[in-house]
Amino acid sequence: MTAVHEAPARTGTLEIAPSAGYIGAEIGGVDLRDDLDQNTVKEIRDALHRYKVIFFRDQQIGHAEQVTFARRFGKVTPAHPHEENPPEGFPEILPIDSRRYTQNLGRTRTSYDHSWHTDVTALVNPPAASILRSDILPPYGGDTAWTNLVAAYEGLPKELRELADRIDIRHQFAARAAEGSQRARKIAEANLVAYHPAVRVHPETGERALFVSPGFTRGPREIRGFSPEQSEEILKLLWREATRTEYTVRFRWAPGSVAFWDNRATAHLAIADAGHLGHDRVLYRVTLEGDVPRGVDGRESELVSGEQFLGA
């Protein structure tokens, strides 16, 4: 089973300190503002593949530096299929801003989605990776957790793995927005639906990951070939396995923190413990263009509604 066993170590120019038993590592010895050479980029990419989510501390970067860093690892997409107000001059940046959620959703919260999810899996080609940096933080609370979906798959009993290998799950953007708002109209116009294999093969590592994304498979709960009731029970089982505590890592944000995760091998959770405290929480995300997932038998995900989300 995929696990992290190393003590803190230096790999080339980087200092790597694993954060938890199955997932996560803090990366030191690099300034993300720098013009990184190819060897350093490769070391970061290798660490991302091994640890699934990597963390950088005390980074002094803004929108421009974040986008430039992201481009070293792939094509950067627009902020989000439903985003209408990215920061001026930076269409790639998605604000994760508690102040906007009050306006758009009509209630106080610190993140758009407080369920476990993999980013935008309602797309037929979900983002390959996401990079999130902190800006304004509450004095406590507002952590984020990630889970290792490769470890979750490897931990399944053989019979359950074989079932998961064969099934396709409907992913849909069942978004929340204030009724009659411009955002609600945007969501209705760009309705995103896709069927994905429940197990996807990572295009770079060849690892198999349990690709169930609870936040995008909640409703309608549909697995091809199963009734809604059967689909719901199977999904609940797979969701529980995907988010078992031992496969997770929890990250405490601080000024200058940056998280970089492989969206093909993880799900994450914005922990809903700070919305009632009255503090602002603002982070900024960019995403990298992803491929169309393939199952263990080579079958591809199927587009139902929407279009591929491409970067530049």
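What share of the 312 residues of the protein count as buried? In this predicted model, 54% of them do, where buried denotes under 20% relative accessible area, exposed over 50% and partly exposed the range in between, with a 1.4 Å probe and protein chains only. Numbering starts from 1 along each chain as its sequence is written, and side-chain values rest on heavy atoms, without hydrogens and water.

The protein contains seven helices and 16 strands, taken as DSSP runs (helices H or I, at least four residues; strands E, at least two) numbered from the N terminus. Of the contacts (heavy atoms within 4.5 Å) with a separation of 6 or more, 79% involve residues 24 or more positions apart.

An open antiparallel sheet is formed by three strands in the order β8-β9-β16; pairing requires at least two DSSP bridges between two strands. Because β8 (168-172) and β16 (302-305) are edge strands with a single partner each, one side of each has no neighbour in the sheet. Strand β9 (residues 193-197) is joined to β16 by three antiparallel bridges, and Val193 has Ser305 in β16 as its bridge partner.

Ile167 lies in the loop between α5 (158-166) and β8. Its relative accessible area is 4%, so Ile167 is buried. Beyond neighbours within four places in sequence, Ile167 contacts His196, Pro197, Ala198, Ile223, Phe226, Ile234, Leu238 and Arg299.

Methods. Predicted model: local features only at pLDDT ≥ 70, side-chain atom pairs only at ≥ 80, totals over all residues.
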